[in-house]
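Hi everyone, thanks for coming. Please have a look at the model on the screen, and then I'll walk you through it.

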Amino acid sequence: MMTSATSSVAMLTVSPPPPYFSRVLSANPLAFWRLNDSGPTAADAVGTRDGTGQGGLAFGAAGVGGTFFGFESNNLAAQFNGTDSSVAVPALNLNTTNFTFTGWVKRNGSQTGWSGIVFCRSGATTAGVHFGTANELRYTWNDGANTYNWNSGLTVSDNQWTFFALVIEPTRAVMYRGTNATLRSATNNVTH
């Protein structure tokens, strides 16, 4: 007796998740500066808030690269000199109780206390993420007494790319720091 068998193989094609910047853009941000430009302009990937490099800002430094999933291997960064460099952008004019700042930073040595990482002090906005006196992440929101210079206790490691996020909600703020595939957080439970 002869037996025959038939089998079929289903082909499953899985596309890799989009790169990091595509995921950020899919969240419809107010502005997004990749800082992988050749300078002196820092292009806003979503609109009209292009920035201008100032002081000793150097465009074209080595970026996160392929070290982290979702970044192209040849991505670039801007290197700030710690004294007079910045990217000047148009005023954000925030008028909300829900907002998120995110980014990547690579600290080079001890930073001067209160150095801004992403900070706006123009128009109707005084808000952002900055270093404290011991390289820890701090934030300011609306220049409020309960939110000015709050210390998260999350220190940014030296010479290592670090992800950070600040999530503002009406009744709290959560600061995140991601390094070595570990995400840590600290919460400031006050009205924002």
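Strand S2 and strand S5 (residues 86-88) run antiparallel and are joined by 3 bridges. In that pairing, Gln-54 sits opposite Ser-86 in S5. S2 (residues 51-54) also pairs with strand S1 (residues 41-42), in the antiparallel sense over 2 bridges, and there Thr-41 stands opposite Thr-52. When I say strand, I mean a DSSP run of E with at least two residues, numbered from the N terminus; two strands pair if DSSP finds at least two bridges between them.

A quick word on what you are looking at: this is a predicted model, where local features need pLDDT of at least 70 and side-chain atom pairs count only at pLDDT 80 or more, while totals for chains, interfaces and linings use all residues. Residues are numbered from 1 along each chain as its sequence is written, and side-chain values use heavy atoms, leaving out hydrogens and water.

Now to the open sheet. Its 4 strands come in the order S7-S8-S9-S10, with antiparallel pairing. At the edges are strand S7 (116-122) and strand S10 (150-155), each pairing on one side only. From one strand to the next, the twist averages 15°, using lines fitted to C-alpha atoms as axes, with angles that run from 0 to 180 degrees between N-to-C directions. S7 is joined to strand S8 (residues 125-131) by 6 bridges, and Val-118 faces Val-129 across that pairing. S9 and S10 pair over 3 bridges, with Glu-136 opposite Thr-155.

Leaving aside residues up to four places away in sequence, Ala-127 touches Phe-101, Val-118, Phe-119, Cys-120, Thr-140, Trp-141 and Asn-142; contact means heavy atoms within 4.5 Å. Thr-126, also in S8, is buried too, with a relative accessible area of 17%.

Trp-141 deserves a stop of its own. Beyond four places in sequence, its contacts include Leu-94, Phe-99, Thr-126, Ala-127 and His-192. Within the largest nonpolar core, which has 21 residues, Trp-141 is among those with the most contacts, along with Tyr-139, Leu-166 and Met-175. Strands giving two or more residues to this core include S8, strand S9 (136-141) and S10. Apart from it lies another core of 9 residues, among them Tyr-20, Val-24, Val-64 and Ala-165. A nonpolar core is a set of buried Ala, Val, Leu, Ile, Met, Phe, Trp, Tyr and Cys residues joined through side-chain atoms within 4.5 Å.

And where does Trp-141 turn up again? In the lining of the second largest pocket: of its 16 lining residues, Leu-94, Thr-96, Trp-141, Asn-142 and His-192 lie nearest the centre. S8 supplies the largest share of that lining, 3 residues.

That's my tour, so over to you for questions.

Technical notes: Buried < 20%, exposed > 50% of the residue type's maximum accessible area, 1.4 Å probe, protein only. 1 Å grid on protein atoms, 1.4 Å probe; cavity = no way out; pocket = protein on both sides within 12 Å on 5 of 7 lines; lining within 4 Å.
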